[in-house]
Amino acid sequence: MRLSELNTGERGVIVKVMGHGGFRKRIVEMGFIKGKVVEVLLNAPLKDPIKYKILGYEISLRRSEAEMIEIISEQEAEEQTGASPHYHGSINEERLLTEDELKKLALRKRRTINVALVGNPNCGKTSLFNLASGAHEHVGNYSGVTVDAKEGFFDFQGYRFKIVDLPGTYSLSAYTPEEIYVRQHIIEETPDVIINVVDASNLERNLYLTTQLIDMNVRMVIALNMYDELEASGNKLNYRLLSKLFGVPMVPTVCKKNLGIEHLFHLVINLYEGADFFGKNGEIHKEVLKELQDWHRTNVNEAEHEEHMDDYVAPDKSRQKIYRHIHINHGPDIEKGIEYVKAEISKNEEIRHLYSTRYLSIKLLENDKSVEKVIHTLPNSDKIFAAKEKAARKIQVEMNEDSESAITNAKYGFITGALKETFIDNHLEKDQMTKVLDTIITHKIWGYPIFFLFMWIMFQGTFSLGAYPMAALEWLVDVLRHFVENTMAAGPLKDMIVDGIIGGVGGVIVFLPNILLLYFFISLMEDSGYMARAAFIMDKIMHKMGLHGKSFIPLVMGFGCNVPAILASRTIENRKSRLITILVNPLMSCSARLPIYLLLVGTFFPSKASLVLLSIYVTGILLAVLMARLFSKVLVKGEDTPFVMELPPYRMPTMKAITRHTWEKGQQYLRKMGGVIMIASIIIWYLGYYPNHNSYKTVAEQQENSYIGQIGKAIEPAIKPLGFDWKLGIGLVSGVGAKELVVSTLGVLYTNDAGVSKKSLAERIPITPLAAYSLMLFVLIYFPCIATLAAIKQESGSWKWAAFAALYTTSLAWIIAFSFYQIGNMLL
Amino acid sequence: MSLQELIVSAIVFFCVFYVGNRIVLFFRNSNNNENPCANCTSGCELRDMMEKKKQQCRDLKRNEKKKCCR
């Protein structure tokens, strides 16, 4: 609980002080140190301020300030030690716990550290998150993978870490949703320690965010990630000197090799427990030092422990504070302006616990809209804005540039200066390889054929390599079918198992190898950095068609599953682009549709299977682009915003990551078989088996008179012009729930025909190649699955857009399939 | 009704109940703006992660409760 929640006369023990460094320092200096007992003496009539007794002194705090102090109350402590409920709520002298017992409880509670991962997109935050928490969050070598905060938990060296992976952001301005989200999280959730993940191979740009975090005065450790790339390039970094210059501990890490991670979290604990507790002589508080020593002795393996600068436990190291919070020097003109505005803001004591006043002053001079909103709530807002205007004008006159640009330039100047001291550029750049590759792969002409070539290789690999294990699985399914047929007594249960379960599930399960191969290739392209290049070369076309360049990433993710892809469109700040991206996303062919294509291409287009597959995917992309153009002209109006596509260096994908992604897909696919696909297959079988199963002469007659036959016949007039029979219609209807159900449904419906075991499922479907392609087109475009509809509703904020997406995709599917089939019939 | 018919009826009843329940959940989850993956009939790593995270939070709560009783 928080200190502000204690009533008059109640006692508690301090667990931790939250908030920015300046506030923590002031509160700690007042004596509010972890493990100290605090008592409420008086609540003022309007409940503000509150008078406390701590270390024998009487001190008043604002309620808002007391809210930033986490405590364990005496009552909580009594409950935890198993005191009788009889004593709850009363201060019984005999039952009071000793201060030592209370302190122990508070320190135990303190052993949960809230850590937030902050950094540029594609700097390895999610890899670090996965490695630390053991979660298998999706990691791709392109920006914008993380759109929301993800939490993980793990225990390390006697502490429980709650780790939050925040979206990647280049700065903490208020331009994009990610920037606002990260900033709000830092201010409102007040993580105990921030791990600023920095791409060591791209220091200058990554450290810009660091300078902004320093302005916020947060407790921070920097992970110099991908440090191996920096070393391999031949460049050298004196990271210890750099960390002194920035006033922040830095740790070299290599996530893919699990290097430096333990050391990083060791430093997080060290900082969390030690950073705030320095006396006036600059030495660490003796009591805190003893606690650190005790922790080291009991929880740290001294043999493996790496040496670090702020190791107060080591006997040969200084007890003095190593990392002092610095103020980024923006130069005399800007600094004067910052101080001038800060002086006016500082008159408002009520916000000082939440924000560093220097940070507010800098942000105001940067014309930050959300900070302006905060300032508007203050009683002297007019004076603050007047001061800001005056300071900004002065900066403009003296520096001949607006205050926002001047601050940005000054920050980059600070970074350049710090790197000049610490970084040796040996010009042995490994990036040379990246540059050479990029001249070919992102070439304005060659880029496109190369892109299509890679896509073709992916489909060719998926199809041709997958054919062998697929045949083996088909054989296994057949063996199982014969075994049940030969061993079970005749009856509906046997028919259900053979025709319903084996027919339905067996029809889909055979595509498992193809799905695995497709994901293998996608992972390969993502992790190597090619996917970001694909986004880059498509950016120009996207823009011309009314789509934001940033839309490409959600669209690419749509090839996997449309739901996370629609969620990923949150990163697009412009509402118009975001809505268009959401609406066209269902046109990207998700992996659930792949079994349908594979089923048909193998039989109907055996010699050109990969090309046909490629053409289906390309049709989806083209339709998405065309519809985006149409929507931007007709449906959604709004301005576009500029976007810079980041191109990460090429990396050799690790076999471990690719295998893990691929295997996870395989597991999911198998789980689907035993779940929804089996259930749907049973229902479809039941509806096709009853009523009066034994009253008809032929299987075809029986099926046509079954429940499903009657439903199928009812919808047949709508689908007949597309070249489909009623069974295909039923398959398409079942696909509304999940696209995989189309194949399982067809597996059930076409099982009852004669000569089943002699033909594959696709061979039993009585359609022409033209109708098969028309069917693939229909499946590609029609009705998004229900989870996608829910995602559209959530992200657009209205059922209206979800209904619109369902309606337009189905109508478009019908029109395209109809035109293709009818025109094709005329020509052939 | 034969034994096979009885078993088939029970299985089909369970399947229909499952589908009905999914439809109800779809509308409830969508109206509450819960994670859209909760509506997904098939599931993926995103959904697995969400469920795993929920479970971890539940475990953590349970552990903390245990500590209270010590």
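Colleague: Where is P691(A) found?

Modeller: P691(A) sits in the loop between α27 (655-689) and α28 (699-705) of chain A. Helices (H or I, at least four residues) and strands (E, at least two) are DSSP runs, numbered from the N terminus. The model is predicted, and local features need pLDDT of at least 70, side-chain atom pairs count only at pLDDT 80 or more, while totals for chains, interfaces and linings use all residues. Residues are numbered from 1 along each chain as its sequence is written, chains are lettered from A and ligands numbered from 1 in the order in which they are written, and side-chain values use heavy atoms, with hydrogens and water left out.

Colleague: Is the peptide bond from Y690(A) to P691(A) cis or trans?

Modeller: The bond that leads from Y690(A) into P691(A) is cis, and its omega is near -5 degrees.

Colleague: Which residue other than glycine has a positive phi near 60 degrees?

Modeller: N217(A) is one of them, with phi near 60 degrees. Its place is the loop between α7 (203-216) and β10 (220-225) of chain A. N400(A) also has a positive phi, of about 60 degrees, and is not a glycine. N400(A) lies in the loop between α15 (381-399) and α16 (403-422) of chain A.

Colleague: Does N400(A) count as buried or exposed?

Modeller: Buried means under 20% relative accessible area, exposed over 50%, and partly exposed in between (1.4 Å probe, protein chains only). N400(A) has 67% relative accessibility and therefore counts as exposed. N217(A) has a relative accessible area of 13%, so N217(A) is buried.

Colleague: In helix α1 (residues 21-29) of chain A, which residues are buried?

Modeller: The buried residues there are G21(A), F23(A), R24(A), I27(A) and V28(A). They fall on the same side of α1(A) because they cover an arc of only 160 degrees around the axis; that arc is taken from the directions from the helix axis to the C-beta atoms. K25(A) and E29(A), on the other side of α1(A), are exposed.

Colleague: In which helix is W456(A) found?

Modeller: W456(A) is part of helix α18 of chain A. Its relative accessibility is 32%, so W456(A) counts as partly exposed. The C-alpha atoms of W456(A) and L614(A) are separated by 6.2 Å, although the two residues are 158 apart along the chain. A472(A) is also found in helix α18 (residues 447-487) of chain A. A472(A) is partly exposed at a relative accessible area of 42%, and its C-alpha is 8.4 Å from that of V510(A), 38 residues away along the chain.

Colleague: What is the relative accessible area of L600(A)?

Modeller: The value for L600(A) is 0%, so this residue is buried. L600(A) is placed in helix α25 (residues 594-604) of chain A. L600(A) and Y773(A) are 8.1 Å apart, C-alpha to C-alpha, and 173 residues apart in sequence.

Colleague: How many cavities of 30 Å³ or more does the count come to?

Modeller: Rolling a probe the size of a water molecule over the atoms shows where empty space is left. A cavity is a set of points, on a 1 Å grid over the protein atoms alone, where a 1.4 Å probe fits but cannot get out, and lining residues have an atom within 4 Å of a point. Points are joined across faces, edges and corners, and the volume is the space filled by probe spheres set on them. The count is nine cavities of 30 Å³ or more. The second largest cavity holds about 210 Å³.

Colleague: Which residues lie nearest the centre of the second largest cavity?

Modeller: G19(A), H20(A), I186(A), T190(A) and V218(A) do, out of a lining of 22 residues. The elements that give two or more residues to this lining are α6 (177-189) and β9 (193-199) of chain A. By class, the lining has 13 nonpolar, six polar and three charged residues. Here Ala, Val, Leu, Ile, Met, Phe, Trp, Tyr, Cys and Pro count as nonpolar, Asp, Glu, Lys and Arg as charged, and the others, Gly among them, as polar.

Colleague: What does chain B average in pLDDT?

Modeller: The average of chain B is 72, and 46% of the residues score at least 70; pLDDT is the predictor's confidence in each residue, from 0 to 100. Chain B has two helices and zero strands, and 33% of its 70 residues count as buried. For the complex, the predictor gives an ipTM of 0.72 and a pTM of 0.62.

Methods. On a 1 Å grid over the protein atoms alone, a cavity is a set of points where a 1.4 Å probe fits but cannot get out, and a pocket is an open set with protein on both sides within 12 Å along at least five of seven lines; lining residues have an atom within 4 Å of a point.
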